[in-house]
Amino acid sequence: MSKRIPKRSKKAGLPPGTPMYIGENPTEETKITIIHYDATELQEKEVEKLEECFSLRDKQTVNWINVNGLHIEAIEQLGHCFGVPALVLEDILNTDQRPKMEDFGKNLYIVLKMLSCGPHNKDILIEQVSLVLGPNYVLSFQERGGDVFEPVRERIRSGKGHLRQAGPDYLAYALLDAIVDNYFIILESLSEKIAVVEDKLLTDPTPKTVQEIHHLKREMIYLRKSIWPLREVITGLEREEVMLITPITRTHLRDVYDHTIQVIETIETYREMLASMHDLYLSSMSNQMNEVMRVLTVIATIFIPLSFIAEVYDLNFFIPEVHWPWGYPAIILVMALIGMGMLIYFRKKRWL
Amino acid sequence: MSKRIPKRSKKAGLPPGTPMYIGENPTEETKITIIHYDATELQEKEVEKLEECFSLRDKQTVNWINVNGLHIEAIEQLGHCFGVPALVLEDILNTDQRPKMEDFGKNLYIVLKMLSCGPHNKDILIEQVSLVLGPNYVLSFQERGGDVFEPVRERIRSGKGHLRQAGPDYLAYALLDAIVDNYFIILESLSEKIAVVEDKLLTDPTPKTVQEIHHLKREMIYLRKSIWPLREVITGLEREEVMLITPITRTHLRDVYDHTIQVIETIETYREMLASMHDLYLSSMSNQMNEVMRVLTVIATIFIPLSFIAEVYDLNFFIPEVHWPWGYPAIILVMALIGMGMLIYFRKKRWL
Amino acid sequence: MSKRIPKRSKKAGLPPGTPMYIGENPTEETKITIIHYDATELQEKEVEKLEECFSLRDKQTVNWINVNGLHIEAIEQLGHCFGVPALVLEDILNTDQRPKMEDFGKNLYIVLKMLSCGPHNKDILIEQVSLVLGPNYVLSFQERGGDVFEPVRERIRSGKGHLRQAGPDYLAYALLDAIVDNYFIILESLSEKIAVVEDKLLTDPTPKTVQEIHHLKREMIYLRKSIWPLREVITGLEREEVMLITPITRTHLRDVYDHTIQVIETIETYREMLASMHDLYLSSMSNQMNEVMRVLTVIATIFIPLSFIAEVYDLNFFIPEVHWPWGYPAIILVMALIGMGMLIYFRKKRWL
Amino acid sequence: MSKRIPKRSKKAGLPPGTPMYIGENPTEETKITIIHYDATELQEKEVEKLEECFSLRDKQTVNWINVNGLHIEAIEQLGHCFGVPALVLEDILNTDQRPKMEDFGKNLYIVLKMLSCGPHNKDILIEQVSLVLGPNYVLSFQERGGDVFEPVRERIRSGKGHLRQAGPDYLAYALLDAIVDNYFIILESLSEKIAVVEDKLLTDPTPKTVQEIHHLKREMIYLRKSIWPLREVITGLEREEVMLITPITRTHLRDVYDHTIQVIETIETYREMLASMHDLYLSSMSNQMNEVMRVLTVIATIFIPLSFIAEVYDLNFFIPEVHWPWGYPAIILVMALIGMGMLIYFRKKRWL
Amino acid sequence: MSKRIPKRSKKAGLPPGTPMYIGENPTEETKITIIHYDATELQEKEVEKLEECFSLRDKQTVNWINVNGLHIEAIEQLGHCFGVPALVLEDILNTDQRPKMEDFGKNLYIVLKMLSCGPHNKDILIEQVSLVLGPNYVLSFQERGGDVFEPVRERIRSGKGHLRQAGPDYLAYALLDAIVDNYFIILESLSEKIAVVEDKLLTDPTPKTVQEIHHLKREMIYLRKSIWPLREVITGLEREEVMLITPITRTHLRDVYDHTIQVIETIETYREMLASMHDLYLSSMSNQMNEVMRVLTVIATIFIPLSFIAEVYDLNFFIPEVHWPWGYPAIILVMALIGMGMLIYFRKKRWL
């Protein structure tokens, strides 16, 4: 679990506005790609020297700079060039942010969480994505490189849809939309896992099953914590005072909002499903126990008294003058009768 | 469970406004029926070529086009003819929508869930229904053909009630009302299932019972998810800004709203009932276990010491010089006394 | 449980405003009584022909018509005479209404639930009561005849208090107040049942006890569902726009509101009590089981090893050359020591 | 429990404004004390004839009349003299009131609950206190005499603090404050009880412990019900429209409000603590059961097979021609090996 | 637990505004340090006589007086010098305050909770911190001396960041920020403890584990109670009417607000984690029990019938005329077959 909680304590006591990376993989290489386009032209390249980005500030195209991997110097230089406030630079690096949106008039800062399936499809990885939207640019910062934004790039390249005609606010919306769409993929994979566990639960519950339920519950708790605040973020973006968002993008944001609500409700639904599954597991444990105990009780209740009779009869044999010739068959008959009586009694009680 | 979750992932990354069906039965034949009527005349027919619908756009009667089965081309053509926005066409096909209502001024889009009992009356099937209300038409889209709208058709044909005098908004209300009325039928069938399971629980609980409780709980979770947002939808329709709804229809919508609240409260009531039933099941498991254990304990506690006595007395016999003539009856008497003492003790403890 | 859910499905598909009784006892005889009074005079009689009521419409006294038993024709005729809207007539007969209040300007419709103890004081019966308040009349409709309104009649007859001086709105308030006062009687009887069950739980819990807890829980779920919406009803009546309610009645309604809140909070309190009692039951089951298991374990753990020793010693006897004279007393001593050691061990573990 | 629920049913059906005592100790003697004071003078006496109070109505000092024990006539006479509305007199006697505050312009009615520890410090007693605040007087009504107001009397006598300078509204505040301060004492005694039970739970849980947890839970449920509405009462008093409260008293009421919130939050905290303690109890029951079962299983699993071997070997002895001389030591060795193997197996499974 | 609840009862009945320390360590030495600084100069010293502080009142620098350890006289003198209201002085000493903020126009009172790890890193200690913000000073009061404010002092000394340029409101913000940053450190240590307990739970749950879960749950309950109200405190500080807070500080307070929300959400997340872990524990107990019972049942069910057969065969030997030569091998074979049959049966039932 500890890996989910970036060490914010490293930062405690520093003055506000001190950028410092608190995540786990600061050594990963920073990779920067830029795309600038308008309705007619499109340029895309991978940046080798950070200074290549600076010229984009004054270009009248839509300029998208995507940064994979968080390095303090790169982010500080980029931030200063595009006039990003120091507190925002700090937040970009502080990967333990709650999703939020801040409007600084001349640019807009959005931070949210991106989900991806970890290796072996086991854990859900939660990664912070920061977007800075300006009048002619979008800066996007990812902790690790992922291919969630690839479909957006494809749409830019193909020139289909509204994207190439619209401004950077529409690009920011498209990126948000790509991240939220990605949530559905994660939810589907979780839904399949839940279905598998539920099947197992109904047919053959093992202690492993309940650990998987617990694991899924935990994933849900963290998912909810990551996605819940997104609701307010998008409501914030839809407000009319936000100058950088055009009305047409605003109507599309409504759509992202609906999707977010749906993701949240689906998570709640899964949480309730898992709670109900845990209840079912406890019941099936109880049932198994009951069944085990019944077997033991039936066996013991039949044979312990019979053994006792055999032993008492055994004593009898030592008294030499009392030797009935039909004693043995008689005692066997008595035992058989008692045993059958017991069996009938248990069947009537529905233990068999 | 997986069948309940349409594969929205197929769509991830596509530009918004790309219609694509994500449900399960796209191969089913699309069946289109049209009814156009006013206070005096009525025409009803099944459409063979889609183009037959287009002429209805300019007819001053109330025109209802019902589409069973979602095919991309049919829906796109119909949509373009009646001026339905691309985002709405996308939502009609995307059958994983949350119930919602969107007002575009010249038409109004409502999406909600229709419930029906599956084969063998086992599962509740949840199906998406989309309504598009225009100035002189209602388009309704169903995933599968159902007979929920049949009573509305009957009322149109018979000409009784307010329906034939009123406009398309009243027709849309009548369709909504038919769907919500149908919820009550589903709830009644669930109520009966709950009553059956509760009876079983009180008289003869088996592991099967708890699986049925779990199954019903799950149904409730999905029902609630499907119906809960309908509340906002109808509140939205009742607002005065919605131009396409006339005041008289608005008062009737109040009625649908009341029914929706009642459905939601009934679902909550059933959920609490089921939770209480699960508690009762766990208790009855506990009770059964207690009873089983008591039987075992009583039998074992009576006979294990008696057997021990018999064995010890047995040893005694091997010592030849110690042969009391009354040994055997004496030991039998001692055993009987101990056995009866035990029985009295257990009766006092109320284990018997 | 099924008896609590009137078959609303009978109505599905009918046009709105079609009155139809969905309850259970439509064959019961309708009994109509009328009382009309003002400060000086009072007339009270049982009606034999429905037409007798119609003359009351234009009388300037306060006219109260009480209808016990819901018959479609009687209610329709009465409704048309006093100008009650068709949707209200439908709601009066549809006994599965959620408590609500509707203001039609010239009259006011209130529907709420009346509680009574069933036969043998076992179940709480929930019955629908409808009130229609007009400028000079109150119509009250009950499913079954009950004596909840008797004290109000007494107050009218005696002429004490404000009732005879006031208008029909005050009479409606008095009826509401009588129903809510009656809730307290039901709650007291439930409180006594809970106290009885709790006593049983603390002294001698049986499987029957938990079924009673479940039964009471269920009653609470239905009570809450019936009473909770009354809150909004009374808040609605207190609003200043409601023209038929005079200010003096409005201050008295405040009192009914307080009582309703108190009933709701008491129900919540009882629900929590019952939840805590169920927890206690589970714990006491656990305790009993522990006790049972300890007895079994103590007995088995003492005698199984001793029996084994006896058997091994038994074997020994067959070896003729090994016959110690003190073998028997020695083995008895060893056994006694082991038995006592076990007892001390269990006492130390506090199992005895 | 029944003693907590005053029999409100006695009142059902009576016209509103009929005073009637519904509590339990109506036979207790009514004791009336009066204190009237201003900044310079102070008089305090116990009243023998009720008429002595009436002269206070026109005195320009602050007049506090405290009534212990609720008698209908005394309260009615006092009420009429000071112009208290009939509905308030009814509420003073009806000791099952929800805490509330009503403003009648020329006087103000506050009803709330006073807590005290019952005999043997076992139960929390809940008693109703009514305050009527007028322009120059405070009337306080207690069910039983208690010493909660004694510190306020002391402060009046000593003349320290703001109390003697201020008006009757400040006196009413001081009484409220005394009652709320008293809640903290009750909470502390509960906190100590919880700590004692928790200690027992961690060291030596018995069935008695869980009954104590249940008892404390129940106390919390009733405490919360009694104190929760006080929040609204004080918010009501703080409103600017309340003419009888001076601004300086209003700032002090803020303080009482803070304390009330704190009491409520502490009760919630205790409730969660108790829920967690109940969970812990169930776990420790489970653990004990596991331990008991392990002992039984270890013993039975070791000795039952060994006994079987002994018996089989025993059979062997009856076959005369098969007599190995080393049979006995060999069989003992085999048994010892099997026993030790079992022990090692159980230790590996960590059952020992 | 009792140590967490300061004895507020000591104060019950005293007039409001009577300062009295209710915490636990009033004997600890009071230590006062003062720092006064502006953009250019800085003085820092430990105060020996209280009077040294009084001269700071009229200094135009930012004056920070930090008091460790609460002594009535020192606080009263300091309070009177800086014009702190008597009710605030009372609250500073009353260490059982709910976090709150009060604005008196010329100064501002903030009370909140500081967390620290107790000895051996076991319990979380909750300590009250009071801040009084005036036009040119900040007074801070701690119960015990801690080093939470040390980083702020470092930043003042170093002169880096905005702190030296800004006024006392920014200093108050910096202190708040330091306390909230400290919460993250506490949460991280709790997160590690939870991770450790969860690991234990998944690999080797013991009764100790569940006690640790209970302990952590309790910590969470108290943490939440301490931190939850901080939300309102900061919202209160951000309001525009608060004159002592400058706009630039207000934007920084937004950041503290975000962190507080994140702390609260993290606590909720941990609470849910712990609840899920407790469920998992109960399940694993159930599983262990099941496993133990299966072993017992398998052993008993195999050997009890076999012993019975041996005994019955034993009886047979006493009948001299019935002596089959192959009896012994035959009976051994029968037993082996029965034993193997049982084993196969149990394997099929998946108990082995």
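Two residues are in contact when heavy atoms of theirs lie within 4.5 Å. The exercises below apply this to chain E and chain D of a predicted model.

**Exercise 1.** Determine how many residues of chain E and chain D are in contact, and how much area they bury.

*Solution.* Step 1: on the side of chain E, 57 residues take part, and they touch 55 residues of chain D. Step 2: the size of an interface is often expressed as the accessible area lost when the parts come together. Step 3: for chain E and chain D this buried area is about 5300 Å², with 63% of it on carbon and sulfur atoms.

**Exercise 2.** Identify the polar and charged links between chain E and chain D, and state which helices of chain E supply residues to the interface.

*Solution.* Step 1: six salt bridges are counted between the two chains. Step 2: one of them joins the side chains of D:E198 and E:R218, at 2.7 Å from N to O. Step 3: 17 residue pairs are in polar contact across the interface. Step 4: at least two residues each come from α2 (86-93), α5 (207-227), α7 (247-317) and α8 (327-348) of chain E. Step 5: α7(E) gives the largest share, 22 residues. Step 6: by class, this side of chain E comprises 33 nonpolar, eight polar and 16 charged residues.

Terms used: Residues numbered from 1 in each chain as written. Chains lettered and ligands numbered in written order. Predicted model: local features only at pLDDT ≥ 70, side-chain atom pairs only at ≥ 80, totals over all residues. Heavy atoms only, no water. Buried area = accessible area lost by both parts, 1.4 Å probe. Salt bridge = Lys/Arg side-chain N within 4 Å of Asp/Glu carboxyl O. Polar contact = N/O pair within 3.5 Å; in protein donor to acceptor, adjacent residues only side chain to side chain. Helix = DSSP H or I, 4+ residues; strand = E, 2+ residues; numbered from the N terminus. Nonpolar A, V, L, I, M, F, W, Y, C, P; charged D, E, K, R; others polar.
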